[in-house]
Amino acid sequence: MKRLVTAVTVILVLVALAATGCTNKGLISPAPEAEEEEITSTCVTCHTDKDTLKELATTEVAAKSEATTGEG
Amino acid sequence: MEVWEKVFVKDAKFLQSTHGKVGCVICHGGDSQEEDKELAHVGLVIDPSDGDCNTCHKDVAQTHDLSLHGTLSGFESALEARGGDVSEGSPLDTVLENHCQECHTSCGQCHVSRPDELEGGLVSGHKFRATPSTQYNCVACHGARVGAEYLGENEGIPADVHWTQETMLCTACHSQELHGSGELIESRYHNPDMVKCEDCHEDVWTNTADNPQHEQHLSDLSCQVCHSVAYKNCYGCHVAIDEEGMPCRTSEPSVMQFEIGYNPLRSSERPFKYVVLRHVPTCAGTCDYYGDALFPNFNAVSTWKYATPHNIQLSTPQNESCDACHGNLELFLTEEDIRPEEKAANKDVVVDELPETVGK
C-alpha cells in the first residue's frame, strides 16, 4: 500500500511537471543563450540609455572640407 | 541632429524584431561584454550592409550589388565616355575614390541610417524601414537638383504638381527598381525597370481628343518639354584636396534655365527627337588637380545632358499655346547658348532650326 501511494505520488508529480512544461524546458524553449546574451549586452544597455549616450558621445571631426563651394 | 541622438536605439521594439534578434555583435562586430566604450568598440563595423544582409535577403543583395546605387558605375562610365582612364591606380581612379565614394549607397543608407552626406545617424530608432524616408534618405543625396525642384525650393519656381496636389513621396514613383535589374548599367537613364509617366497616366496616348498638343507631339517631344519649368544647371566644377588633406570641390553659382535640345539618348525606349537638357557641372578641367589632359576625348559627350526635371506642372509658359513654343528662341538651346570651349562637345544637341509659328 505504501508503495502504491509513493508510486501514485511520483506519477502525479511527474504529470504536474510535464503539464507545466518544467521538465522539458531545456528541450523546447528556443535558444535561450541568444536571448540571455542580448539581455546582458553592454551594446544594448548603453545604446538604449539617453543619459549615458549624452555623456559619452563625442563630437565628430568635421567630415567636410571648408574649401568646398557651390552645389554638388 | 545631436551626436548622441544619431546612435540612440530609442525604440525597444527593435530588440524583439527579426533584425534586432540577430544581435548587435553579429552585424556590427565589437564586444558586447566590455563595459568601456572604447574597448566595446574594438573592431566595430559602422555600416554592416555589405556582408550581413545577403544571408537573408539574397535576391535583393545580388541585384543591389550591380545597381547604380551600389556600384556608382554611372560616374565611371561618364568619365570613360570622355576618354578617361579609370583603371586601378590611375589618377581618375583616385578621383572616384576621393570625390564619389561618399555617394555609394548601402542598404543601410536607404533603410536604416542617414547617408554620409548628412553625417549618418539612425533615421527612426534602429527600425529597418521598408520604405526609405524621402527627407532623410532620398533627398539627403538627391537634394541639390531633384529634391529642390520637386519640393519647390528654387526661388520663384513652383514645386512639382505631384507634391502640391497629392503630396507624393519619392517612393510613390520610385520603388524596388532602385535595387537594380541585376545588370550593370551605364547611366541613370538605362535602368530597364525605371518608372515612366505613362505607368500612371496610361490614357494620355489614347485619349487625345481634347488635347491637340498631345495629339500632335507625344512621340516627338518628351513629356518634360511641355510640362517642366526652369531647373538648375551647374558649371565649372573643380575637384581637389584642400590644405588639411580633405577632398573639396568648387563650382560656379548655379543658374536656373530651361533649354529644349536634340535628344542625346535617342532609342526605341526614348524615341523623342526633342528633350530638355541640363548642363552638368563637368568641364574639361574638372580633374586638373590630379593630372593633365585626363579627358583626351572630352568632346565625345555633350555637357548638356538628357534631363527629367522634377518640377512637373499642368500648365507651363511653353504649353500655353502652340506658338508659345513654336518660333520661341528663348526656349531652345542654340549655338549662342553654348560656351565657346564647349561648342564641339554639344554640336549634336543644339537645335539648328526652330519650328515655325502655326498661328494657334
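Is B:Arg339 buried, partly exposed or exposed, and what is its relative accessibility? At 29% relative accessibility, B:Arg339 counts as partly exposed, where buried means under 20% relative accessible area, exposed means over 50%, and partly exposed lies in between (1.4 Å probe, protein chains only).

First, a word on how to read what follows. This is a predicted model, in which local features need pLDDT of at least 70 and side-chain atom pairs count only at pLDDT 80 or more, while totals for chains, interfaces and linings use all residues. Residues are numbered from 1 along each chain as its sequence is written, chains are lettered from A and ligands numbered from 1 in the order in which they are written, and side-chain values use heavy atoms, with hydrogens and water left out.

Let us start where the two chains meet. Here 29 residues of chain A are in contact with 30 residues of chain B, contact meaning heavy atoms within 4.5 Å. About 2,700 Å² is buried between chain A and chain B, with carbon and sulfur atoms giving 55% of it; buried area is the accessible area (1.4 Å probe) that two parts lose on being put together, summed over both. Between chain A and chain B there are 9 residue pairs in polar contact, both at pLDDT 80 or more. Such a contact is a pair of N or O atoms within 3.5 Å; within protein, one must be able to donate a hydrogen and the other to accept it, and residues adjacent in sequence count only if both atoms are side-chain atoms. On the side of chain A that touches chain B, helix H3 (32–40), helix H4 (42–47) and helix H5 (50–56) each supply at least two residues. Helices (H or I, at least four residues) and strands (E, at least two) are DSSP runs, numbered from the N terminus.

Now back to B:Arg339. B:Glu252 forms a salt bridge with B:Arg339, and their closest N and O atoms are 2.8 Å apart. The term stands for a side-chain nitrogen of Lys or Arg within 4 Å of a carboxyl oxygen of Asp or Glu. B:Glu252 sits in the loop between strand S3 (247–250) and strand S4 (255–257) of chain B, and B:Arg339 in the segment after helix H19 (322–325) of chain B, so the pair ties together parts that are 87 residues apart in sequence. Over all chains the count is 2 salt bridges. B:Glu149 also forms one with B:Arg278, again with the closest N and O atoms 2.8 Å apart, and both B:Glu149 and B:Arg278 are buried.

B:Arg278 is also among the contacts of B:Thr303. B:Thr303 is buried, with a relative accessible area of 0%, and its side chain makes polar contacts with the side chains of B:Glu342 (2.9 Å) and B:Asn346 (2.9 Å).

Finally, look at the rings. There are 10 aromatic pairs over all chains; rings of Phe, Tyr and Trp (its six-membered ring) pair if their centres lie within 6.5 Å, and planes under 30 degrees apart count as stacked, over 60 as edge-to-face and the rest as tilted. The rings of B:Tyr262 and B:Tyr274 have centres 5.4 Å apart and planes at 50°, so this pair is tilted. Ring pairs link B:Tyr262, B:Tyr274 and B:Phe332 into a cluster.

Methods
Lists of a residue's contacts leave out its neighbours within four places in sequence.
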